[in-house]
Amino acid sequence: MLAVEGGQQQDRITETTQEIANRLAEQLGDRVVLDSRVGRISQDDNSVTVHTDSAVINAKYAIVTAAPEHRAYIEFQPALPEKAQGLTRTWPMGALSKAFVAYEKPFWRAEGLSGEALTDTGTAFITFDVSPDDGPGILMVFCAPRVYDGFSPEIRRSRVIQQLVDLYGAQASTPIDYVDHCWGTEPFAPGGPHPAVAPYASVSYGSALTEPHGRIHWSGTETAGEWVGTMNGAVLSGLHTAEQVARRLSVEGAASE
């Protein structure tokens with residue numbers, strides 16, 4: 001997961017990964033409904049009904065991409081089986097926060113440094129060089145929320161920069177920009193980037209990751225089998241789950257002819 005060349009940290013997107021979602025949304029048009037939290041999903045032998053804050057949507061099948069813990073935020077009728085409920089209890093989201101620190105140039109490269117560091121002595125515990133090919137130097141920093149999230153933005157910034165000075169020298173003390181995000185404080189879907197699975201939870205409840213609940217199928221990066229916790233895993237799981245539902249629709253269509 002921490003590998004750069006040939007690993008999950010290898011590639012970046014210049015226009016940011018949000019642009020992928022934006023362009024897909026443009027193609028889908030008004031079929032994408034935002035700011036509409038799903039509170040309940042009910043089903044019978046023939047259809048699924050999704051109840052949101054602003055609408056009720058009927059379909060033959062539903063695909064839920066929420067992380068295992070966040071599945072518990074939705075009421076299911078009929079209720080999830082015990083194994084699926086156990087999954088939501090024993091696969092809690094991890095706890096990480098993230099900062100980006102920008103400099104006029106990637107000064108560490110001139111000293112023969114990669115910009116990748118791992119330390120257990122402070123707020124920041126992993127750094128990566130995420131500088132664009134032609135632009136400023138940017139260090140991405142994963143931070144430990146226990147000594148980070150509870151502080152003001154100013155103190156968080158000060159702690160991260162001091163850690164970078166310890167790692168990369170005095171030049172790290174003068175960034176041109178800084179931004180951070182505390183995933184654990186998200187009100188809607190807290191935690192990240194993927195579950196921190198409890199001992200034996202995979203053996204006891206792992207099959208519920210992908211086992212459909214009637215007409216409800218599960219997707220999302222946690223269900224991918226490989227590249228878990230990344231966008232690669234999300235895409236692979238989306239393709240796999242779409243194929244599952246397409247096969248069921250095909251079978252139903254053939255049966256009705």
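Tutor: A disulfide is taken here as a pair of cysteine sulfur atoms within 2.5 Å. The model is a predicted one, where local features need pLDDT of at least 70 and side-chain atom pairs count only at pLDDT 80 or more, while totals for chains, interfaces and linings use all residues. Residues are numbered from 1 along each chain as its sequence is written, and side-chain values use heavy atoms, with hydrogens and water left out.

With that cut-off, the count is 0 disulfides. C143 is in no disulfide, and the nearest cysteine sulfur to its own, that of C182, is 8.1 Å away. Seen from C182, C143 holds the closest cysteine sulfur, and the 8.1 Å between them is too far for a bond. The relative accessible area is 0% for C143 and 8% for C182.

Now to the core itself. A nonpolar core is a set of buried Ala, Val, Leu, Ile, Met, Phe, Trp, Tyr and Cys residues joined through side-chain atoms within 4.5 Å. In soluble globular proteins, nonpolar side chains tend to be buried together. The largest such core here has 17 residues, and those touching the most other members are A99, Y103, V141, Y148, V160, L164 and Y168. At least two residues of this core come from each of β6 (97–103), α4 (107–110), β9 (137–143), α5 (153–168) and β10 (177–182). Apart from it lies another core of 16 residues, including V48, F76, A201 and L209. The element names follow DSSP runs numbered from the N terminus: helices (H or I) have at least four residues and strands (E) at least two.

Let's look at the strands that contribute. Two strands pair if DSSP finds at least two bridges between them. By that rule, 5 strands form an open sheet with antiparallel pairing, in the order β7-β8-β9-β6-β10. The edges are β7 (117–118) and β10, each with a single partner strand, so one side of each has no neighbour in the sheet. The partner strands β6 and β10 run antiparallel and are joined by 6 bridges. Within this arrangement, F100 stands opposite V179 in β10.

R156, V160, I161, Q163, L164 and Y168 are the buried residues of α5. They cover an arc of only 155° around the axis, which puts them on the same side of α5; the arc is that of the directions from the helix axis to the C-beta atoms. An α-helix has 3.6 residues a turn, so residues three or four places apart point the same way. On the other side of α5, E154 and D166 are exposed.

What lies over that buried side? The cover includes β6, α4, β7, β8 (124–129), β9 and β10. Contact here means heavy atoms within 4.5 Å. Y168 illustrates this well: leaving aside neighbours within four places in sequence, Y168 is in contact with F107, W108, E111, L113, G115, E116, A117, T127 and L139. Just after α5, G169 takes a positive phi of about 100°.

To set this part in its whole, the protein has 7 helices and 11 strands, and its C-alpha trace spans about 70 × 40 × 35 Å along the principal axes. Of its 257 residues, 37% are buried. Among contacts between residues at least 6 apart in sequence, 61% join residues at least 24 apart.

Most residues other than glycine have a negative phi, and most peptide bonds are trans. A cis peptide bond with omega of about 0° joins G192 and P193, and P193 is found in the loop between β10 and α6 (201–205). Another cis peptide bond, with omega of about -5°, joins Q77 and P78. D35 is not a glycine, yet its phi is positive, about 50°; D35 is exposed, at 79% relative accessible area.

Conventions. Buried < 20%, exposed > 50% of the residue type's maximum accessible area, 1.4 Å probe, protein only.
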